[in-house]
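Me: I have a model open on my screen and would like to talk through it with you. Could we go through it piece by piece?

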Amino acid sequence: MTDWRDRLPAIRGKLVKDAVLAPYTWLRVGGPAEALFLPEDEDDLAVFLRGLDPAVPVTPIGVGSNLLVRDGGVEGVVIRLGRAFARVEPRGDSAIYAGAATLDAMLAREAGKAGIAGLEFYRGVPGTIGGACMMNAGCYGSETKDVLVEAYALDRRGERRTLSNAEMGFSYRKSAPAAGGDLIFTGALFRGRPDDPAGIEARMEAITARREASQPIREKTGGSTFKNPPGHSSWKLVDDAGWRGRLFGQAMFSPLHANFLINTGEATAADLEGLGEAVRADVRTKFGVELDWEIKRIGRPAPAAA
Ligand SMILES: Cc1cc2nc3c(=O)[nH]c(=O)nc-3n(C[C@H](O)[C@H](O)[C@H](O)COP(=O)(O)OP(=O)(O)OC[C@H]3O[C@@H](n4cnc5c(N)ncnc54)[C@H](O)[C@@H]3O)c2cc1C
């Protein structure tokens, strides 16, 4: 019997059936995608989407720096953009285009070299531009909403779309398309302001140093686990509830930054999510505050053992 994976459109990119996703995420956990598609370029992606059965779920991922993939894997197609989507191109003296697979830090660096200030904060975010568009990524008082002119995407039918900053509907670590789940970002245009490259570089170095000192950036982590509830800092709630550095299997909230969930070795997605849920329940009981996940959890739990 054929399944939907045997009825896929002809593509130039790479399609891997039952592809384990753990290596594609910072937390290094998660089961397989039914299919992982690595498109050759934008036209290839459009052809693929146009020919794909509309009932098959599609999940784009960046470098998985904000993702917890559950142990049972992900239904449908996971799409990961590659080199063809990592072009960075200054436009005049204050605007710059970046493909969706560009690392945020690379955009910051290239903008700096071109003398475009205002994008330095991206030096501190380890994701891609696609993830930044979806998550309204930001730090140290700046976020994607402040610098994005427009975002370019393909929709589920393979049609090209352009979304203005207003149409992106940005809010705290969220964009309007995040709710719909229908768009795959292919790139975005940003605006900064002309400035001296040496000054920009110095500001980026300061951001790097601050990150190194305050976050476990060399661990298997997903960055901030919970959004800050209004009037509270999540790290402080986790810390005050006594969870900083406490092991739960091989999962733990970092001793260095109590809102960073860490896989200390061979934790499963269930260990990590279980710890997160235990902390949420404890913080609710102790302080009456609701913690919301910032990390995106996708996929299904592993089937229960017989
Ligand atoms: C050490 C560390 C520090 C971090 N610090 C920060 C920080 O300071 N500020 C901050 O905002 N975040 C931070 N993060 C979280 C993370 O880097 C951001 O959320 C980032 O924007 C995620 O990008 P990504 O490419 O890794 O996306 P992924 O984690 O792969 O995916 C995140 C979401 O974006 C969607 N997505 C990804 N690419 C696309 C695309 N092309 N089209 C459509 N949807 C897409 C996915 O479906 C998913 O819903 C940190 C993470 C780590 C590990």
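Me: Tyr-97 and Tyr-152, are these buried or exposed?
Reply: Both Tyr-97 and Tyr-152 are buried, where buried means under 20% relative accessible area, exposed over 50%, and partly exposed in between, with a 1.4 Å probe and protein chains only. This is a predicted model, in which local features need pLDDT of at least 70 and side-chain atom pairs count only at pLDDT 80 or more, while totals for chains, interfaces and linings use all residues. Residues are numbered from 1 along each chain as its sequence is written, and side-chain values use heavy atoms, with hydrogens and water left out.

Me: How many aromatic pairs are there?
Reply: The count comes to six aromatic pairs, under a rule that takes rings of Phe, Tyr and Trp (its six-membered ring) as paired if their centres lie within 6.5 Å, with planes under 30 degrees apart counted as stacked, over 60 as edge-to-face and the rest as tilted. The rings of Tyr-97 and Tyr-152 have centres 6.1 Å apart and planes at 35°, so that pair is tilted. Tyr-97 belongs to strand β7 and Tyr-152 to strand β11, so the pair ties together parts 55 residues apart in sequence. Strands here are DSSP runs (E, at least two residues), as are helices (H or I, at least four), and they are numbered from the N terminus.

Me: And what about Phe-226 and Phe-253, how do their rings sit?
Reply: Their ring centres are 5.9 Å apart and the planes are at 25°, so this pair is stacked. Phe-226 is in the loop between β15 (220-224) and α8 (234-240), Phe-253 is in strand β16, and the two are 27 residues apart. Phe-226 is buried at a relative accessible area of 1%, and Phe-253 is buried at 0%. Elsewhere, Phe-121, Tyr-122 and Phe-190 form one aromatic cluster.

Me: OK, switching to the sheet, what is the strand order?
Reply: It is an open sheet of five strands in the order β6-β7-β13-β11-β12, with antiparallel pairing; two strands pair if DSSP finds at least two bridges between them. β6 (88-91) and β12 (160-164) are at the edges with a single partner strand each, so one side of each has no neighbour in the sheet. The twist averages 20° from one strand to the next, with axes fitted as lines to C-alpha atoms (for helices over the stretch in contact) and angles running from 0 to 180 degrees between N-to-C directions.

Me: How many bridges hold β7 and β13 together?
Reply: Strand β7 (residues 95-99) and strand β13 (residues 183-191) pair in the antiparallel sense over five bridges, and Ala-95 stands opposite Arg-191 in β13.

Me: Which helices lie across that sheet?
Reply: Helix α1 (residues 42-51) lies across β11 (148-155), β12 and β13, at about 45° to β11. Helix α2 (residues 104-113) lies across β6, β7 and β13, and runs at about 150° to β7.

Me: Back to β16, what joins it to β17?
Reply: A hairpin joins β16 to β17 through six residues, and the two strands pair in the antiparallel sense over three bridges, with Asn-263 in β17 as the bridge partner of Ala-251. On β15, three bridges join that strand to β17, again antiparallel, and Ser-224 has Phe-260 in β17 as its bridge partner.

Me: Which residues cover the faces of β17?
Reply: Phe-260 and Ile-262 on one side, and Leu-261 and Asn-263 on the other, are all buried, and both faces of β17 are covered. In a regular strand the side chains alternate between the two faces of the sheet.

Me: Where is His-257, and what is it in contact with?
Reply: His-257 is in the loop between β16 (251-253) and β17 (260-263), and at 18% relative accessibility His-257 counts as buried. Leaving aside neighbours within four places in sequence, His-257 is in contact (heavy atoms within 4.5 Å) with Ser-214, Gln-215, Pro-216, Trp-235 and Arg-244.

Me: Last one, how many disulfides are there?
Reply: A search of the whole structure finds zero, a disulfide being a pair of cysteine sulfur atoms within 2.5 Å. The sulfur of Cys-133 has its closest cysteine sulfur in Cys-139, 16 Å away, which is too far for a bond. Cys-133 counts as buried at 1% relative accessibility, and Cys-139 is buried with a relative accessible area of 8%.
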